[in-house]
Amino acid sequence: MLDLFPDPAPSDQRKLVIENIGLLLSGRLEEPILDADTIVAVGGMIVEIGKASDCDTDGADIIVDACGTTVCPGLIDGHTHPTFGEYSPRTDNHSWIFNCLHGGTTTMISAGEVHIAGRPSDRIGVKALAIAAQRSFSAARPAGVKMIAGAPLLEEGLLEEDFQEMAEAGIELIGEVGIGSVADVETASRMVAWARANGMRSLTHTGGPSIPGSRLMAAEEIIEIDPDVIGHINGGHTAFAHSEIRCLCEGCSRAIEIVHNGNSFAALYALRLATEMGQLERIVLGTDGPSGAGVPALGMLRMIAMLASFGELPAEKVFCFATGNTARVHQLPQGVIAPDRPADLLIMDRAQGTAGRTLLESVELGDLPGIGMVLIDGVPLLRPSRNTPPATVLPTARRVLR
């Protein structure tokens with residue numbers, strides 16, 4: 001993806017000012033709406049948030065006029081299955097990351113590079129694949145999107161020293177527990193503990209089998225394994241009975257992940273349980289794509305609209321599920337609009353023709369917003385989105401020449 005404003009200043013010095021913000025969503029459940037109309041970022045990092053009169057806007061290289069629209073953190077897709085680059089052989093998808101960027105996704109997290117043809121299952125191959133994926137996406141961001149990749153599956157024969165070696169190489173994740181060859185809970189629990197001891201996060205496959213090689217993971221097994229994230233609690237694609245979803249939500253204190261490519265009825269049930277328990281901070285969102293269901297380019301926005309409308313929650317809180325909640329669980333700096341955080345941002349407005357009088361009201365009615373601009377590290381990468389419905393009002397931007 002090309003920078004719309006190339007080289008107005010050295011990349012580590014570029015100053016961005018976003019002014020005339022009508023609504024600023026923070027990404028934090030504790031304070032989802034900020035009383036501010038201006039953001040200043042330098043070198044891709046937010047340095048100021050506040051009223052225009054209180055911010056240092058002088059010397060800007062890029063000035064974005066939000067024109068009274070909404071700014072929120074870029075969306076974080078917490079459950080993807082990348083291979084290398086932007087091709088997925090699962091359903092022959094090309095440029096899928098680019099299209100998800102147009103859906104507001106600025107960060108993706110791998111749940112395992114499961115669709116790579118001939119995926120190795122031996123100790124050396126597992127480690128090599130994870131490190132190669134991590135290195136590849138760290139060195140080259142497809143479409144500019146931040147892909148947190150390199151998520152090895154649990155395979156028979158892996159030793160404690162292998163997890164230490166992978167962690168030292170920069171691996172932060174364990175792919176879906178239940179897809180690799182490790183089938184017994186005792187071994188899986190031991191490996192997850194080894195991973196956690198080395199600073200690696202884990203998530204489980206939850207529900208019925210999704211692809212050859214995956215298996216049914218029962219609720220009591222997941223509780224015993226104790227992953228950091230209960231992966232796709234609403235099934236990928238087949239969900240548990242509601243009694244088992246309740247067992248998981250009440251018997252495990254870890255993050256509850258809801259995905260687009262899952263069971264919508266089960267998703268709403270899990271959300272209702274988290275609401276009743278007063279634990280919305282546990283809810284994180286993902287798409288579980290690419291998969292047999294394809295790539296939902298607008299999957300994250302569709303999840304937000306579905307949960308806000310059918311779940312009867314304020315839209316500003318549901319946006320937090322796809323931003324700050326996921327950032328906290330995965331220990332990422334992005335996902336929250338605050339000083340010293342990356343300026344990964346969406347500028348959006350209610351879609352043309354919606355019955356909603358405001359952006360938040362339109363989302364609570366189930367409509368998707370129209371994205372007018374996406375920025376990553378303070379760089380405008382697209383305007384407007386080619387995939388969302390057209391926004392009622394679009395932002396403008398200009399480069400300041402000196």
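A polar contact, as the term is used in these legends, is a pair of N or O atoms within 3.5 Å, where within protein one atom must be able to donate a hydrogen and the other to accept it. The model shown is predicted.

View 1. Asp77 lies in strand β8, which spans residues 75-80, and the side chain of Asp77 reaches the backbone nitrogen of His79 at 3.1 Å. A polar contact of 2.6 Å joins the side chain of Asp77 to the side chain of Thr287. Although Asp77 is buried, it has no salt bridge, and the nearest side chain of opposite charge, that of Arg302, is 12 Å away. When neighbours within four places in sequence are left aside, the residues in contact with Asp77 are Thr105, Thr107, Met108, Ile109, Leu285, Gly286, Thr287 and Met300.

View 2. Thr105 is found in strand β11, residues 105-110, and it is buried, with a relative accessible area of 2%. Not counting residues up to four places away in sequence, Thr105 touches Leu75, Asp77, Cys100, Val145 and Met300.

**View 3. Phe163 and the nonpolar cores.** In soluble globular proteins, nonpolar side chains tend to be buried together. The largest nonpolar core of this model has 86 residues, and those with the most contacts inside it are Phe163, Leu285 and Phe321. Apart from it lies another core, of 20 residues, which includes Leu16, Ile39, Ala343 and Ile347. With residues up to four places away in sequence not counted, Phe163 touches Leu154, Leu158, Ile174, Met191, Trp194, Ala195, Asn198 and Met200.

**View 4. The buried side of helix α6.** Ile245, Leu248 and Cys249 are the buried residues of helix α6, which runs over residues 242-251. They are on the same side of α6, because they cover an arc of only 95° around the axis. An α-helix has 3.6 residues a turn, so residues three or four places apart point the same way. The elements against which the buried residues of α6 pack are α5 (219-225), β15 (229-230), β16 (255-259) and α7 (264-276).

**View 5. Salt bridges between Glu155 and Arg119 and between Arg254 and Asp228.** Glu155 forms a salt bridge with Arg119, in which the closest N and O atoms are 3.0 Å apart. This pair links distant parts of the chain, 36 residues apart, since Glu155 is placed in the loop between β12 (146-148) and α3 (160-168) and Arg119 in the loop between β11 and α2 (123-139). Glu155 counts as buried because its relative accessibility, 3%, is under 20%, whereas Arg119 is partly exposed, with a relative accessible area of 26%. In the second pair, the side chains of Arg254 and Asp228 meet in a salt bridge at 3.8 Å, N to O. Arg254 lies in the loop between α6 and β16 and Asp228 in the loop between α5 and β15, so this pair ties together parts that are 26 residues apart in sequence. Arg254 is partly exposed, at a relative accessible area of 24%, while Asp228, at 17% relative accessibility, counts as buried. Elsewhere, salt bridges that share partners join Arg123, Lys127, Glu161, Asp162 and Glu165 into one network.

**View 6. Cis peptide bonds at His237 and Pro384.** The peptide bond from Gly236 to His237 is cis, with omega near 15°, and His237 is found in the loop between β15 and α6. A cis peptide bond also leads from Arg383 to Pro384, with omega near -15°, and Pro384 is placed in the loop between β20 (379-382) and β21 (396-399).

**View 7. Positive phi values at Asp92 and Gln331.** Asp92, a residue other than glycine, has a positive phi near 55°, and its place is in the loop between β9 (87-88) and β10 (93-94). Gln331, likewise not a glycine, has phi near 55° and is found in the loop between α10 (324-329) and β18 (345-349). Asp92 is partly exposed, with a relative accessible area of 47%, whereas Gln331, at 60% relative accessibility, counts as exposed.

Conventions. Residues are numbered from 1 along each chain as its sequence is written. This is a predicted model: local features need pLDDT of at least 70, side-chain atom pairs count only at pLDDT 80 or more; totals for chains, interfaces and linings use all residues. Side-chain values use heavy atoms; hydrogens and water are left out. Buried means under 20% relative accessible area, exposed over 50%, partly exposed in between (1.4 Å probe, protein chains only). Helices (H or I, at least four residues) and strands (E, at least two) are DSSP runs, numbered from the N terminus. The arc is that of the directions from the helix axis to the C-beta atoms. Contact means heavy atoms within 4.5 Å. Lys and Arg count as positive and Asp and Glu as negative; His and the chain ends are not counted. A salt bridge is a side-chain nitrogen of Lys or Arg within 4 Å of a carboxyl oxygen of Asp or Glu. A nonpolar core is a set of buried Ala, Val, Leu, Ile, Met, Phe, Trp, Tyr and Cys residues joined through side-chain atoms within 4.5 Å.
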